[in-house]
Amino acid sequence: MDHLFEAEVAGCDDANLDSGIFTCKAGRVDTRPQEGVISRSTGSPEHLAAARFSPPVSAIGPLFRFRFERIYQCRLNYELDVSNRATTRVLGSYYKSRRLIRIYVRDRELGVRPLGELFDTFLHEMAHHLEYTEPFSFAARSCGRIPGRMHSRLFWRILGELRLRWARHQGQPRNYTDC
Ligand SMILES: [Zn+2]
C-alpha cells in the first residue's frame, strides 16, 4: 500500500468500481502548466485573455487523439466523448464495457477548463483504458492490480509513463507564467 499514490487519487469514486465506470474528479495535485497554457493565477489582462483561449469543443477530441498517437499506439481503439455539460468536480470518466472516455470541458463556475488540464484528464482516462485493455504492455506481472482499488500501482505507472512521453515529445517544459 503506497500512501503517496493514495493521496493523489483525491476523489475518484470507488462506488462506481463494480459497474465498470471510473468517475475521475478534480483535486489532483500534480497538474502543471504545459506549453501554451497560462496559469489562471496570472493577473495581467494579456494573461487573462490567453487563459480564456480555448479551441472549439469539436476540435478537442481530434486534437487529443492526434497528440496521443505521437506518444503511444493503442492496441484496442477507444471512443472519446468531449462533453459540454458543466460539472463541479468531475473531470472525466472511463466506461470499461464500451471503452469510452468522457472528458468534461466546462467547470460550472469557472467556464471552460484550460486545455492543459483537459489533456491531463484525457491522459488519466487513457491510463484507465490501457490498464484494462493491455496491462501486460506495462510489466503488469510485477505490478498487479489490487481488486477493489480504484487506482492501482499499475495505473500510476501507466499514467507516469504517458506524462513522461508527452513531456519528452514537447521538449523541455517551459513555465510561461515567468515570461
Ligand atoms: Zn481515475
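Leaving aside neighbours within four places in sequence, with which residues is Ile 158 in contact? In this predicted model, local features require pLDDT of at least 70 and side-chain atom pairs count only at pLDDT 80 or more, whereas totals for chains, interfaces and linings use all residues. Residues are numbered from 1 along each chain as its sequence is written. With those neighbours excluded, Ile 158 is in contact with Ala 127, Leu 130, Glu 131 and Phe 138, contact denoting C-beta atoms, placed from the backbone, within 7 Å.

Ile 158 also belongs to the largest nonpolar core, which has 26 residues; Ile 103, Phe 122, Leu 123, Met 126, Ala 127 and Ile 158 have the most contacts inside it. Such a core is a set of buried Ala, Val, Leu, Ile, Met, Phe, Trp, Tyr and Cys residues joined through C-beta atoms within 7 Å, a residue being buried if 20 or more other C-beta atoms lie within 10 Å of its own. Among the elements that each supply at least two residues are β1 (21–25), α4 (115–133) and α5 (153–170); α4 gives the most, with seven residues. Helices (H or I, at least four residues) and strands (E, at least two) are DSSP runs, numbered from the N terminus.

The contact between α4 and α5 includes Leu 123, Met 126 and Ala 127 of α4 and Phe 155, Ile 158 and Trp 166 of α5.

Tyr 95 lies in strand β3 and is buried, with 21 other C-beta atoms within 10 Å. Leaving aside neighbours within four places in sequence, Tyr 95 is in contact with Gly 20, Ile 21 and Leu 100.

How values were computed:
A residue is buried if 20 or more other C-beta atoms lie within 10 Å of its own, exposed if 12 or fewer, and partly exposed in between; C-beta atoms are placed from the backbone. Two residues are in contact if their C-beta atoms, placed from the backbone, lie within 7 Å.
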